[in-house]
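I opened this model to take notes on a few places in the chain. The entries follow in the order in which I looked things up.

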Amino acid sequence: ARGDRVAVLATNEFETHFLFFALARLGAILVPINFRLAPREVEHILADADPKLLLHQTEFSQAISQATLATIESKWSFEGAQGFQGFFKDCEAKNQNFTKIDFQAEFTDPCMILYTSGTTGMPKGAMIAQSCMMGALNDTSIVIEGMAWEGDELLSFLPMSHLFGRFESYTPYVQGFIQSFAESIDTILSNMQEVKPTLFMSVPRIFEKAYTRIMEMVNNDSS
């Protein structure tokens with residue numbers, strides 16, 4: 001319902017896009033949690049956000065205490081992308097008489113709560129409004145105009161618990177790009193060879209690591 005919060009503790013899965021769009025339509029709020037955070041930080045976020053529903057991959061179960069789970073109204077654990085798809089199928093099976101729901105949210109309503117990485121203390125939540133998302137995506141369209149076109153392919157790997165990762169992962173829906181997800185941050189180079197993306201968004205540190213790796217390969221081949 002409008003104003004309810006739904007927390008997700010998982011690796012990057014494209015199914016979370018469907019979840020976000022559904023929640024945004026209802027006026028509910030997505031709370032993506034960085035799976036690399038320490039258990040005490042995950043506990044802090046769950047206590048602070050007070051979600052009505054928690055979705056989490058089973059591999060991160062140890063990051064969530066039984067005490068915390070007891071305070072959340074509904075929980076769903078799953079394994080990988082296939083498990084996430086199972087969640088949607090289960091919802092569909094329970095709602096055979098599904099009817100289209102009108103858009104419940106206002107333009108100024110929050111659609112996400114994104115938490116900091118906790119480098120200066122415990123993670124702090126930032127409320128992201130529907131208008132903020134649309135404004136940022138429109139600005140992105142202006143910035144990349146003439147540099148990217150419909151049909152280009154984007155390789156996504158940025159964590160969707162961060163603002164940049166969210167905007168990057170939703171850009172294809174606005175621009176008509178093809179989107180692929182890297183298996184992990186450690187497989188970016190091999191995934192790039194497989195997918196051959198024409199678009200790649202990242203933070204400077206990743207480009208530095210890629211440059212260092214390429215130069216090591218060049219030096220090894222020449223020696």
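I started from the side chain of N12, which reaches the backbone oxygen of L158 at 2.8 Å. The N12 side chain also reaches the backbone nitrogen of M160, at 3.3 Å. The model is a predicted one, so I treat both distances as properties of the prediction. I placed N12 in the loop between β1 (5–9) and α1. Is N12 buried or exposed? Its relative accessibility is 19%, and because the cut-off for buried is under 20%, N12 counts as buried. Leaving out residues up to four places away in sequence, I listed F157, L158, P159, M160 and F181 as what N12 touches.

I looked up the pLDDT next. The chain has a mean of 85, and 92% of its residues reach 70 or more. Where is confidence lowest in the chain? It is lowest in helix α4 (residues 80–94), with a mean of 67, while β2 is highest at 96.

I checked the length of helix α6, residues 163–175. With 13 residues at 1.5 Å a residue, the helix should span 18 Å, and its end C-alpha atoms are 18 Å apart, so the two agree. I then listed its buried residues: G165, R166, F167, E168, S169, Y170, T171, P172 and Q175. What covers them? The cover includes α1 (15–26), β2 (29–33), β5 (110–115), α5 (130–143), β7 (153–156) and β8 (178–181). Just after α6, I found G176 with a positive phi of about 85°.

I counted 8 aromatic pairs in the structure. One of them is F20 with Y170, a stacked pair at 4.8 Å centre to centre with 20° between the planes. F20 belongs to helix α1 and Y170 to helix α6, so I recorded a link between distant parts of the chain, 150 residues apart. Both of these residues are buried. F157 and F200 form another stacked pair, at 5.4 Å centre to centre and 10° between the planes. F157 sits in the loop between β7 and α6, and F200 in the loop between α7 (188–195) and α8 (204–222), so this pair ties together parts that are 43 residues apart in sequence. F157 is buried, at a relative accessible area of 10%, whereas F200 is partly exposed, at 21%. I also noted a cluster in which ring pairs link F20, F21, Y170 and Y173.

I looked up the largest nonpolar core and found 19 residues in it. Which of them touch the most other members? They are V8, L19, F20, L23, L30, M112 and M133. Two or more residues of this core come from each of β1, α1, β5, α5 and α6. Another core lies apart from it, with 18 residues, including A7, V31, A49 and F60. In general, nonpolar side chains tend to be buried together in soluble globular proteins.

I followed M112 and left aside its neighbours within four places in sequence. M112 is in contact with F20, I29, L30, A126, M127, I128, M133 and R166. One of these, R166, is already in my list of buried residues of α6.

Methods:
Residues are numbered from 1 along each chain as its sequence is written. This is a predicted model: local features need pLDDT of at least 70, side-chain atom pairs count only at pLDDT 80 or more; totals for chains, interfaces and linings use all residues. Side-chain values use heavy atoms; hydrogens and water are left out. Helices (H or I, at least four residues) and strands (E, at least two) are DSSP runs, numbered from the N terminus. The expected span of a helix is 1.5 Å times one less than its number of residues. Buried means under 20% relative accessible area, exposed over 50%, partly exposed in between (1.4 Å probe, protein chains only). Contact means heavy atoms within 4.5 Å. A polar contact is a pair of N or O atoms within 3.5 Å; within protein, one must be able to donate a hydrogen and the other to accept it, and residues adjacent in sequence count only if both atoms are side-chain atoms. A nonpolar core is a set of buried Ala, Val, Leu, Ile, Met, Phe, Trp, Tyr and Cys residues joined through side-chain atoms within 4.5 Å. Rings of Phe, Tyr and Trp (its six-membered ring) pair if their centres lie within 6.5 Å; planes under 30 degrees apart count as stacked, over 60 as edge-to-face and the rest as tilted. pLDDT is the predictor's confidence in each residue, from 0 to 100.
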